[in-house]
Amino acid sequence: MATAVRLLVLFLLFLSSPNPILSLYEDQVGLMDWHQQYIGKVKHAVFHTQKTGRKRVVVSTEENVLASLDLRHGEIFWRHVLGTNDAIDGIDIALGKYVITLSSGGSILRAWNLPDGQMVWESSLQGPKHSKALLSVEKGSKSEKYNIVIVLSRGCLHAVSSIDGEVLWKKDFDAQSLEIQQVIQLPGSDFLYVVGFSGSSLFEAYQINAKNGEMLKHETASFSGDFSGELSLVSSEMLVALDATGSSLITISFHSEQISFQQAYISHLVEGSSGPAMMVPSPVTGIFAVKINTVTVFIKVTDKGKLELLDKTEQPTVVSDALSFSESQLAFALVQHEGNKIHFIVKLADNWGSDLLKETIELDQQRGLVHKVFINNYIRTDRSHGFRALVVMEDHSLLLLQQGAVVWSREDGLASIVDVTTSELPVYKEGVLVAKVEHSVFEWLKGHWLKLKGTLMLASPEDVAAIQRIRLKSSEKSKMTRDHNGFRKLLIVLTRGGKVFALHTGDGRIVWSILLYSLRYSDRCQHPVGLNLYQWQVPHHHAMDENPSVLIAGRCDQRSDAQGVISFVDTYTGRELRSFGLVHSVAQVIPLPFTDSTEQRLHLIIDADKHAHLYPKTPEVVGIFQSELSKVYWYSVEADNGIIRGYGLKSGCVGKEAGEYCFDTQELWSVVFPSESEKIIATVTRKPNEVVHTQAKVVADQDVMYKYISKNLLFVATVAPKTSGEIGSATLEESWLIIYLIDTVTGRILHRMTHHGSHGPVHAVFSENWVVYHYFNLRAHRYEMSVIEIYDQSRAENKDVWKLVLGKHNLTSLISLYSRAEVITKSQSYFFTHSVKAMAATLTAKGITSKQLLIGTIGDQVLALDKRFLDPRRTVNPSQAEREEGIIPLTDTLPIIPQSYITHALKVEGLREIVIVPAKLESTTLVFAHGVDLFFTRLAPSKTYDSLTEDFSYALLLLTIVALVVAIFVTWVLSERKDLQEKWR
């Protein structure tokens, strides 16, 4: 009996012991991370809706993505993300099975297999000069062996076989100073017409044999004025162009023996029109459109070249390309915006007065205006023709409209994130929870029984799926209240389309989104650009009635001296609190470490004239800032000029109307890099929210080294001007990389190091007292990563506790430009296998947890590398004391462990940035990587030493405790009975 009890106790102890072999991994998918795929703003689209096979639309985007989308649900069948310098100029479908793409300014022509997206062939098209890139696929008859792809690129006209990419013939226009505007290929004709301008007033037309590229005819004609803009083809033998003033239309007939011009003033066609006009690409034969300010005018061209006004509208209008939906009929679509509704109208090309289709669809106002529309037809059940429209919105979202409704939508604006910040969720209060999951006792018991079976590895595949469903249903990660570990937050992202999204870190869903009014097109601000997001108001527990808010800064153009705009958005509701245009530009925004009584953070906006403007504009803020004025310094980097300047502030702006909220600046120092030998390619500083746990570092011999901790340090990387381009653009002797560490308050260079025979690009990360940077070593033909650690020698004697107690130390000694900082540096270099796109270092709440580097590789994955591998004190044979400290033996190459990829098998296509956010739990940091795709996960560099895992089985623990108590009671009873029996003997 005693043996059986012992076996029972050992078995229960075995069950209660933590054993990693018993963990399940497949039921944890999606619990700690999420991944979202996007494509970006669509600029070209081709439908493929044959009777056999899946109905799809092939699109290319501004993010250089080629993708095939399911027409039913909008899901991605396949996609390819091309390089940053490989912009797609045009797409089409050849032979019904190949997707043809023209990219890189017309220099690369590719064919992709339509069903699976595999590349079939690639051709490089060379030419002597840069020109417009045009693509045209000849739709030949079934009897032909192959279709011909006509390509205009780099001043040459090419005919390429769509079967294998072979160039059949090439016509060079380099000898002629011709700016080609159109390549016209008439259906059923063996002739091509190439038309364009020479200079500003000479029109030229070439007739070319499409079979062999032979030039058949060349005609020129000079116009009395100047041409402006592009040509619009309105018929097989007629073009329309604008004059240089934009006030008249010129009809050009080029098929007759002599080129003829007819000029008509827009003011005669459209009464009350004023201002220059802009040509809209012609959708169909005989009709073209012109935009005059906010008015869109549709004009018909008669056979004799005369112009007649068809219609005009002041509503924002977008016109689609022509669509052939029967043997002899062409249709095109108009999409007109009116408030929160859009009118989808389909017209016949030869009958403007009647509508084939007219539908009104309600849309979310936060999507903005319609930018592009592509139409396709289908056969209804009653054998009539129906039409669907693929619509590209102002916020870069993509919608499919059919039968008066939105079939599906994609938020592809998230493929072009400009900046990211975070916001805390509301504190839990009674009745505030957005989602509350309630279970019956039976469901609770069933769930814990399934988890127990999973722990004992007895779960069937159906049980594993049930466990996954229960966990996702009962998970607290998607609640709209903050948790005590700080895992649940809102990621506030600003996109290139001027839209702000709030993403929940739990599951990546969109909580709210808003298209900022200040970043939309207007007469005052015609090319708005969003710059950055900043935390504006972060209320704490004593001011919980206020919602947190963010500041969005932008300007009306890419130029740094363009007029600035700012907006304020509530991060809980997504409501735009206020927005206004500034009287000054926005060259730089500096968040200050001060807040007012309402916990609004002070910000300085530096304009192009180096004046500082204080926000928010309240008397209280001025008083706070005036008391700290002498402690505020800032710097600017002029990379093109090779100059870094440091500034201080003075009271008041001389001759400015900004009054007490404007401050003049004075230049305190400057570092000028010689332009003939150095070019700035990278600058990095520490994160302002980084927490350093301790400045002291105890080394192997029990000595103490003090980290040089300063938020004012700037890492600067310069290269030889010849090596600022791609790798291989300069020889070994002409290549060097120079590293600087500069104090931005004093302008003193604390450290300088030269890497001879090295090349950019340089990616770097600065944390605590160390900086790690990545570059290419031409001598070794390999990538390298180097580390620099900087230590404070002025505190080397501060190791006596009594000195610290009695205050006899120099920890508070003043820093001056005239006193050299007593610092020493340690550095080391290592080979690294991959090219790098982005780098970041982990951040935690108290800075106690070990550091890891997060490296975005060329394969669009994120690799976690322990900082100990980049310790400059590594040696080949570390001593026993160094091994105890954690020093790893020196190797020339940094290891890449497959299990260290935090993205696992996923890719963050087009990876641009890795954002690190500390959680409240010290062991954990939150990682958000974005590019074309989005990826989020939680990372514990030193494991979760301060918490139990989420899949910890409390039911098993309770069962084990109960079993142990029962076993103890049973053994006690048996022991008492045995003792009693022995006494009776």
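Q: Which order do the strands have in the open sheet that contains S6?
A: Before we start, a word on the model: it is predicted, so local features need pLDDT of at least 70 and side-chain atom pairs count only at pLDDT 80 or more, while totals for chains, interfaces and linings use all residues. Residues are numbered from 1 along each chain as its sequence is written, and side-chain values use heavy atoms, with hydrogens and water left out. Now the general idea: helices (H or I, at least four residues) and strands (E, at least two) are DSSP runs numbered from the N terminus, and two strands pair if DSSP finds at least two bridges between them. Here, four strands form an open sheet in the order S6-S7-S8-S9, and the pairing is antiparallel. Strand S6 (88–94) and strand S9 (119–124) are the edge strands, each pairing on one side only.

Q: How many bridges join strand S8 to S9?
A: Five bridges connect S8 (residues 108–113) with S9, and the two run antiparallel. Look at Arg 110 for an example: its bridge partner in S9 is Glu 122.

Q: Val 120 also lies in strand S9. Which residues is Val 120 in contact with, leaving aside its neighbours within four places in sequence?
A: Contact means heavy atoms within 4.5 Å. With those neighbours left aside, Val 120 touches Tyr 98, Ala 111, Trp 112 and Asn 113. Tyr 98 is 22 residues away from Val 120 along the chain, and their C-alpha atoms are separated by 8.2 Å. As for exposure, buried means under 20% relative accessible area, exposed over 50%, and partly exposed in between (1.4 Å probe, protein chains only). Val 120 is partly exposed, with a relative accessible area of 36%.

Q: Which residues touch the most other members of the largest nonpolar core?
A: A nonpolar core is a set of buried Ala, Val, Leu, Ile, Met, Phe, Trp, Tyr and Cys residues joined through side-chain atoms within 4.5 Å. The largest one has 36 residues, and Val 59, Leu 390 and Phe 928 touch the most other members. Beyond its neighbours within four places in sequence, Phe 928 has contacts that include Trp 34, Ile 417, Leu 491 and Phe 936. A second, separate core has 22 residues, among them Val 318, Ile 342, Ala 389 and Met 393.

Q: How many aromatic pairs does a search of the whole structure find?
A: Rings of Phe, Tyr and Trp (its six-membered ring) pair if their centres lie within 6.5 Å; planes under 30 degrees apart count as stacked, over 60 as edge-to-face and the rest as tilted. The search finds 21 pairs. Take Tyr 193 and Phe 254: their ring centres are 5.8 Å apart and their planes stand at 65°, so this pair is edge-to-face. Tyr 193 sits in strand S15 (residues 191–198) and Phe 254 in the loop between strand S20 (248–253) and strand S21 (260–265), so the pair links parts of the chain 61 residues apart. Tyr 193 is buried at 11% relative accessible area, and Phe 254 is buried at 3%.

Q: Why is the pair of Phe 969 and Trp 972 tilted?
A: Their ring centres are 6.2 Å apart and their planes are at 35°, so the pair counts as tilted. These two residues are three apart in helix H8 (residues 954–984), about one helical turn. Phe 969 is exposed, at 52% relative accessibility.
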